Amino acid sequence: MTENLNVFFKENNTKIENVEYIVSNRFKDNKGNPIKWEIKILSTSEMNHLREHYTTQKLTKGILVPTIDNNNYMKAFITKCIVYPNLNDKALQDSYNVYEPYELLEEMLTVGEFNNLVGYITDLHDYNAQEVVDDIKKG
């Protein structure tokens with residue numbers, strides 16, 4: 001086999017495109033069609049950065065044990081993946097009387113819509129939160 005490492009160069013790597021997903025039939029365009037949300041698939045480095053940001057070291061019986069704030073990690077993960085609508089838009093947040101992207105999602109969506117969105121995003125990333133926690137514990 002002839003080695004051709006050029007195929008692995010960044011410029012030859014196929015870009016992962018954002019995907020569209022109808023989160024709710026309640027948000028419609030002027031023709032009555034459901035609005036598609038734009039979802040970004042995070043890179044490994046983005047995921048690692050999030051994980052590191054929400055991981056602290058706690059002293060347990062004289063040993064530093066990494067602990068992840070799973071609740072805030074998941075909030076950041078979900079909101080970082082949503083490109084459209086822009087959850088950081090002040091006017092959008094003001095219309096729901098909230099000031100954080102995750103709170104906006106909670107106000108905009110029903111429980112079922114929210115759970116479907118989270119499930120879709122995690123499936124896109126082939127992601128299991130418990131696996132992340134286990135990986136962190138392993139060091």
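Residues are numbered from 1 along each chain as its sequence is written, and side-chain values use heavy atoms, with hydrogens and water left out. In this predicted model, local features need pLDDT of at least 70 and side-chain atom pairs count only at pLDDT 80 or more, while totals for chains, interfaces and linings use all residues.

Me: Which pattern does the protein follow along the sequence?
Reply: The protein has 6 helices and 5 strands. Helices (H or I, at least four residues) and strands (E, at least two) are DSSP runs, numbered from the N terminus. Read in sequence order, the pattern is β-β-α-β-β-α-β-α-α-α-α.

Me: What percentage of the residues of the protein count as buried?
Reply: Buried means under 20% relative accessible area, exposed over 50%, and partly exposed in between (1.4 Å probe, protein chains only). The protein has 139 residues. The buried part is 30%.

Me: Why do the buried residues of helix 1 line one face?
Reply: Helix 1 (residues 44-53) buries Glu 46, Met 47 and Leu 50. Seen down the helix axis, these residues fall within a limited arc, taken from the directions from the axis to the C-beta atoms. On the other side, Thr 44, Ser 45, His 49 and Glu 52 are exposed. The buried residues of helix 1 line one face because their arc is 100 degrees.

Me: Is Tyr 21 buried or exposed?
Reply: Tyr 21 lies in strand 1 (residues 19-21). Tyr 21 touches residues including Trp 37, Leu 117 and Tyr 120, not counting residues up to four places away in sequence; contact means heavy atoms within 4.5 Å. Its relative accessibility is 19%, so Tyr 21 counts as buried.

Me: What is the volume of the largest pocket?
Reply: On a 1 Å grid over the protein atoms alone, a pocket is an open set of points where a 1.4 Å probe fits, with protein on both sides within 12 Å along at least five of seven lines; lining residues have an atom within 4 Å of a point. The lining includes Lys 15, Glu 17, Lys 40 and Glu 46. Grid points are joined across faces, edges and corners, and a volume is the space filled by probe spheres set on the points. For the largest pocket, that space is about 210 Å³.

Me: Which peptide bond is cis?
Reply: Look at the loop between strand 5 (82-84) and helix 3 (90-95), where Pro 85 is found. Omega is near 5 degrees for the cis bond from Tyr 84 to Pro 85.

Me: What is the phi of Lys 61?
Reply: Lys 61 sits in the loop between strand 3 (55-60) and strand 4 (63-68). Lys 61 is exposed, with a relative accessible area of 84%. Although Lys 61 is not a glycine, its phi is positive, at about 55 degrees.
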